[in-house]
Structures are given as structure tokens and as C-alpha cells.
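Visitor: I would like to go through this protein step by step. Could you show me the model before I ask anything?

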Amino acid sequence: MIPSSLAIDSKLPWVGTTIFTVMSRLATECGAINLSQGFPDFSAEPALFEATMRAMQNGRNQYPPMAGLPELRHAIGAKVESLYGARFDPESEITVTAGATQALFTAIAAFVRPGDEVIVFAPVYDSYVPAIETVGGRAVYASLLFPDYRPDWESVRRLVSPRTRMIIVNTPNNPTGSLMTADDLATLADIVRDTDIVVLSDEVYEHIVFDGGKHLSVISREDLAARSIVVSSFGKTYHITGWKIGYVLGAAALMNEFRKVHQFNVFTVNTPCQAGIAEYMADPSRYLGLAAFYEQKRDFFRAQLQGSRFEFLPCRSTYFQLVRYDAISDLPDREFAEWLTREVGVAAIPVSVFYPDGRDDRVVRFCFAKQDSTLSAAGERLRRI
Ligand SMILES: Cc1ncc(COP(=O)(O)O)c(C=O)c1O
């Protein structure tokens with residue numbers, strides 16, 4: 001250890017180690033089945049690795065263009081147009097990023113100034129607020145209404161002020177598994193009309209939507225497309241969360257500002273992975289098949305919990321299932337999650353960590369992006385309590 005007596009005025013005094021790291025570490029310590037952190041415990045297809053290896057072996061190992069390999073940006077543009085009907089110019093309106101986390105941080109840094117307000121919805125994904133505060137902005141909280149987590153648009157209307165610089169939405173939503181509807185997007189468009197508010201839309205689970213439902217990207221509406229930055233992640237789509245690679249879409253005027261920060265924040269994203277993904281995504285069934293793949297996982301996991309005393313909340317999308325546990329325990333959710341990990345041997349995430357005030361509805365989140373054998377072993381333990 002290096003001794004240091006510097007007086008550090010932390011920009012994020014309230015931030016500690018994320019609950020995902022804490023629970024994953026505890027799961028390892030206790031030998032528990034880890035359904036806490038959102039990552040698959042199965043492999044991507046060999047074809048993706050082969051394409052990436054080929055790129056390395058063919059010498060594609062130096063800096064790519066700042067905005068990303070043209071072939072990948074074209075592939076993204078073609079996919080987006082075919083799915084959402086919006087045409088983004090690969091040259092000026094699509095940028096490849098080092099995962100969605102960097103994309104979100106960069107978008108916030110590019111548009112939010114000290115004193116600006118950013119509206120977020122609680123429960124809120126954990127990276128947004130630290131990013132806002134690092135650049136001197138202030139998060140103000142609207143709600144997703146328990147228990148079906150519909151956006152409370154009235155609270156958004158009340159929160160909009162001349163200081164509002166940005167609204168962040170996340171659909172499909174982590175941790176709730178809820179989805180924005182066409183009415184939600186119409187209301188959002190109505191709220192931001194005649195303002196200069198930027199919409200930052202986190203759509204990393206865009207391909208994981210169940211029961212015949214449809215992901216509605218903000219860019220499916222022209223008025224929102226004109227003022228939005230949309231973020232997606234190949235980590236979620238191709239079972240490669242550790243590759244940390246994603247992309248953003250945005251009208252050229254917005255993207256121009258995004259890239260000013262991006263080029264000094266990461267500059268470029270690794271070349272062979274971009275080349276491998278560009279080749280792999282030429283077959284659309286590889287992302288179009290994802291919804292059915294995870295719907296089967298969701299249903300399998302729910303079947304494992306039949307006969308347990310957990311109560312499912314609706315799961316319309318993502319690879320997370322929320323459950324109420326009040327029939328089992330009256331412990332607060334953090335304590336319940338810790339007890340579950342230590343004593344039952346299954347790790348989960350307490351949903352109160354996604355609320356600024358620690359609101360506790362006695363709900364925990366399980367990740368079902370796991371092999372069936374993992375899910376059935378977890379189910380066997382969870383049915384016993
Ligand atoms: C809603 C949401 N946004 C962003 C991310 C981060 O994605 P990436 O791993 O590509 O940075 C995640 C990952 O869990 C997420 O759930």
C-alpha cells in the first residue's frame with residue numbers, strides 16, 4: 001500500500017463499490033449460484049470468435065477510424081433502418097463505443113453543464129447518476145410506478161424546468177423488465193416539444209422483448225429521433241459482456257458534440273472486435289432470434305420457481321426477473337439478498353439499490369441469462385424456502 005495524506009474533495013462522496021461487485025464477490029465467497037450480476041454463463045457462437053481471430057491474423061490490429069470501422073457502422077445503420085425505419089448516416093450519425101457505459105458517460109459529458117438538471121426514472125440503472133454528478137449536473141427523479149413500473153409522466157411534467165438539459169430513458173428497462181409503449185413515447189415527445197432537452201435513450205436490451213411485444217425505440221418517432229442519442233450494446237446482444245463494445249446513434253448535430261468528447265475519452269474502440277462483429281451481424285437471425293432464446297430462459301426459470309413462495313412481477317423484456325418475497329421473509333431487501341446468498345446459496349440483487357432514497361418494496365432481481373443447468377440448480381434451492 002502507498003501511504004497518501006492528500007485531502008481529496010471527492011466528486012462522488014456517496015459512491016462505493018457497486019452492489020453488482022459486492023454480490024458477485026459474496027456469491028464467490030459462499031459458493032452461491034450467482035443470479036445477481038447481469039452476464040451470461042454460456043458462450044457466444046464460435047463464428048463470432050473465428051471472425052474476430054481472422055481480423056487479428058489479417059493484421060487488423062491498429063487504430064481504426066475514431067467513429068468506428070465503416071463496415072460496422074454500415075451494418076449498424078442497415079439494422080437500425082430495417083427495424084425502426086430511421087435512416088442514420090454511418091459517416092456522421094453512428095459511433096462505435098467501448099460499451100454502453102462509456103457511451104452513456106460520454107453523452108452526459110457532452111451535453112450536461114454544471115448546474116444543469118437531468119431527469120431520470122427511479123428505479124434507475126446505476127451508472128447514470130454518478131456520470132451526471134461527475135460533470136457537475138444534478139439528477140432529478142421521476143418514478144416508474146410500482147408494481148408494473150409504468151413511467152409517471154405527471155411527475156416528469158412537474159420536474160421539467162428551464163434548467164432541464166436532458167431526460168434519460170431506459171427501455172427495455174433494467175431492473176424492472178418493463179417497456180415503453182407508443183403512448184409513453186407520444187407523451188415524452190409532447191413534454192419535450194418546444195424545448196432544447198436532449199433525450200438519452202438506453203436501449204441495450206432492444207432485442208430481448210417477450211410475448212410478441214415490440215421494442216419501440218425513441219427513433220421510431222421523427223420528433224424524438226431529432227433530439228435523441230440512442231445507446232446500444234453488443235455485449236447484451238451477442239453474449240459478450242466482457243468485450244465492452246456498443247454504439248450510439250444521433251442526428252449529426254448531436255453526434256458532432258458527442259464525438260468531440262468521445263475522441264478524447266476513448267478515441268477509438270478495438271479494431272478486431274469491431275471487424276468480427278461487423279461480419280457476424282450480417283446474419284440478422286443472430287439478433288432477431290434473441291427474444292425467443294431468452295423467452296425460453298425466462299419461462300424455464302419461472303417453471304423452476306413453481307411451488308416456491310416467491311411471487312413474480314411482470315417480465316416483458318430484458319434478462320431479469322423481479323420477484324416479491326414478502327411471503328418468505330420480512331427482512332429488508334439488502335439483508336434478504338445477503339441471507340439468500342449465504343444461507344440458501346443463490347445470489348440476487350436487492351431492488352432498493354436502484355432508488356436514491358433506498359425505497360424497499362421487498363423485491364429482488366434474478367438474472368436468468370444462465371445455462372438451464374444453472375437455473376434448475378438455483379430453482380431447486382429456491383423452492384426449499
Ligand atoms: C440498462 C443498462 N445500460 C447499460 C449497461 C452497460 O452496458 P455495457 O456493458 O455495454 O457497458 C447495462 C449493463 O448491464 C445495462 O443493464
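Visitor: Which residue forms a salt bridge with Arg 298?

Guide: This is a predicted model, and the pairing is read from its atoms. Side chains of opposite charge can pair when their charged atoms come close. The closest N and O atoms of this pair are 2.8 Å apart, and a salt bridge needs the nitrogen within 4 Å of the oxygen. The partner of Arg 298 is Asp 211.

Visitor: How many salt bridges does the rule find across the interface of domain 1 and domain 2?

Guide: Domain 1 covers 19–44 + 288–382, and domain 2 covers 46–284. By these bounds Arg 298 belongs to domain 1 and Asp 211 to domain 2, and these two residues form a salt bridge. The number that the rule finds across the interface is 1.

Visitor: Which element gives the largest share of the side of domain 1 that touches domain 2?

Guide: Between the two domains, 12 residue pairs are in polar contact. On the side of domain 1, the elements that give two or more residues are α13 (290–304), β11 (320–324) and β14 (363–367). The largest share is 6 residues, and the element that gives them is α13.

Visitor: How many residues of the side of domain 1 that touches domain 2 are nonpolar?

Guide: In this interface, 33 residues of domain 1 are in contact with 35 residues of domain 2. The residues on the side of domain 1 include 4 polar and 7 charged ones. The nonpolar residues on that side number 22.

Visitor: What area do domain 1 and domain 2 bury between them?

Guide: The C-alpha centres of the two domains lie 25 Å apart. Of the area buried between the domains, 64% is on carbon and sulfur atoms. In domain 1, Ala 44, Arg 316 and Phe 354 lose the most area to domain 2, together 21% of what that side buries. The area buried between the two domains is about 3,000 Å².

Visitor: Which residue has a side-chain N or O atom 2.6 Å from a nitrogen atom of the ligand?

Guide: The ligand is surrounded by 13 residues, and the closest include Thr 101, Tyr 205 and Lys 236. For the nitrogen atom of the ligand, the residue at 2.6 Å is Asp 202.

Visitor: How many residues apart in sequence are the parts that Glu 117 and Arg 138 tie together?

Guide: Glu 117 and Arg 138 form a salt bridge, with the closest N and O atoms 2.8 Å apart. Glu 117 lies in strand β3 (residues 117–122) and Arg 138 in strand β4 (residues 138–145), so the pair links parts whose separation in sequence is 21 residues.

Visitor: Where is Pro 172 found?

Guide: Most residues other than glycine have a negative phi, and most peptide bonds are trans. The peptide bond from Thr 171 to Pro 172 is cis, with omega near -10°. Another cis peptide bond joins Asn 174 and Pro 175, with omega about 20°, and Pro 175 is placed in the loop between β6 and α7. Pro 172 is found in the loop between β6 (164–170) and α7 (182–192).

Visitor: What is the phi of Asp 194?

Guide: Asp 194 is in the loop between α7 and β7 (198–202). Its phi is positive, in a residue other than glycine, and the value is near 65°.

Technical notes: Residues numbered from 1 in each chain as written. Predicted model: local features only at pLDDT ≥ 70, side-chain atom pairs only at ≥ 80, totals over all residues. Heavy atoms only, no water. Domains from an automatic or database assignment. Contact = heavy atoms within 4.5 Å. Buried area = accessible area lost by both parts, 1.4 Å probe. Salt bridge = Lys/Arg side-chain N within 4 Å of Asp/Glu carboxyl O. Polar contact = N/O pair within 3.5 Å; in protein donor to acceptor, adjacent residues only side chain to side chain. Helix = DSSP H or I, 4+ residues; strand = E, 2+ residues; numbered from the N terminus. Nonpolar A, V, L, I, M, F, W, Y, C, P; charged D, E, K, R; others polar. Near = heavy atom within 4 Å.
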